[in-house]
Amino acid sequence: MRQRLTPDQRRADILKHATALFRAKGFADTEMEDIRLACGMSRGGLYHHFANKPAILAAVVQQETEALASVLQDAAGNPMVALVQAGSQHLGAEAGI
């Protein structure tokens with residue numbers, strides 16, 4: 001049975017699944033139906049949160065940009081080092097590789 005989430009939790013869940021699908025299949029080959037099925041929700045539920053796939057992509061990009069800005073803002077030393085470490089971790093490598 002599907003767990004009831006708050007609107008913010010549901011939005012985060014949609015973005016998490018959409019990000020994984022975009023990475024695995026690419027934006028062009030990912031359909032709203034793929035995202036809906038991954039989230040286990042109705043079409044109406046998905047469209048309640050996002051009007052279309054470009055709107056989901058825009059939210060994913062905004063989320064990633066905000067995360068990167070936070071890393072750079074919190075950088076104690078050289079922001080370039082923080083950027084490389086964050087990029088390495090984001091790509092699945094160990095920090096700094």
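**View 1. Asp13 and Arg10 sit about one helical turn apart in helix H1 (residues 7-25), because they are three residues apart.** In this predicted model, their side chains meet in a salt bridge, at 3.6 Å from N to O. Asp13 is buried, and Arg10 is buried too. The pairing extends to Lys16: Arg10, Asp13 and Lys16 are linked in a network of salt bridges. Side chains of opposite charge can pair when their charged atoms come close.

**View 2. Asp34 forms a salt bridge with Lys25.** The closest N and O atoms of the two residues are 2.8 Å apart. Lys25 has 37% relative accessibility, so Lys25 counts as partly exposed.

**View 3. A salt bridge joins the side chains of Arg43 and Glu33.** The N to O distance is 3.3 Å. This pair links distant parts of the chain, with Arg43 in helix H3 (residues 43-49) and Glu33 in helix H2, ten residues apart. Arg43 is exposed, because its relative accessible area is 51% and the cut-off for exposed is over 50%. Glu33, at 24% relative accessibility, counts as partly exposed. The count for the model comes to five salt bridges.

**View 4. Leu37 lies in helix H2 (residues 32-39).** Leu37 counts as exposed, at 54% relative accessibility. The C-alpha atoms of Leu37 and His17 are separated by 9.6 Å. Along the chain, these two residues are 20 residues apart.

**View 5. Confidence is highest in helix H2 and lowest in helix H5 (residues 79-90).** The mean is 97 in H2 and 74 in H5. For the chain, the mean pLDDT is 86, and 88% of residues reach 70 or more. Where pLDDT is low, the predicted coordinates should not be read in detail.

Definitions and conventions. Residues are numbered from 1 along each chain as its sequence is written. This is a predicted model: local features need pLDDT of at least 70, side-chain atom pairs count only at pLDDT 80 or more; totals for chains, interfaces and linings use all residues. Side-chain values use heavy atoms; hydrogens and water are left out. Helices (H or I, at least four residues) and strands (E, at least two) are DSSP runs, numbered from the N terminus. Buried means under 20% relative accessible area, exposed over 50%, partly exposed in between (1.4 Å probe, protein chains only). pLDDT is the predictor's confidence in each residue, from 0 to 100. A salt bridge is a side-chain nitrogen of Lys or Arg within 4 Å of a carboxyl oxygen of Asp or Glu.
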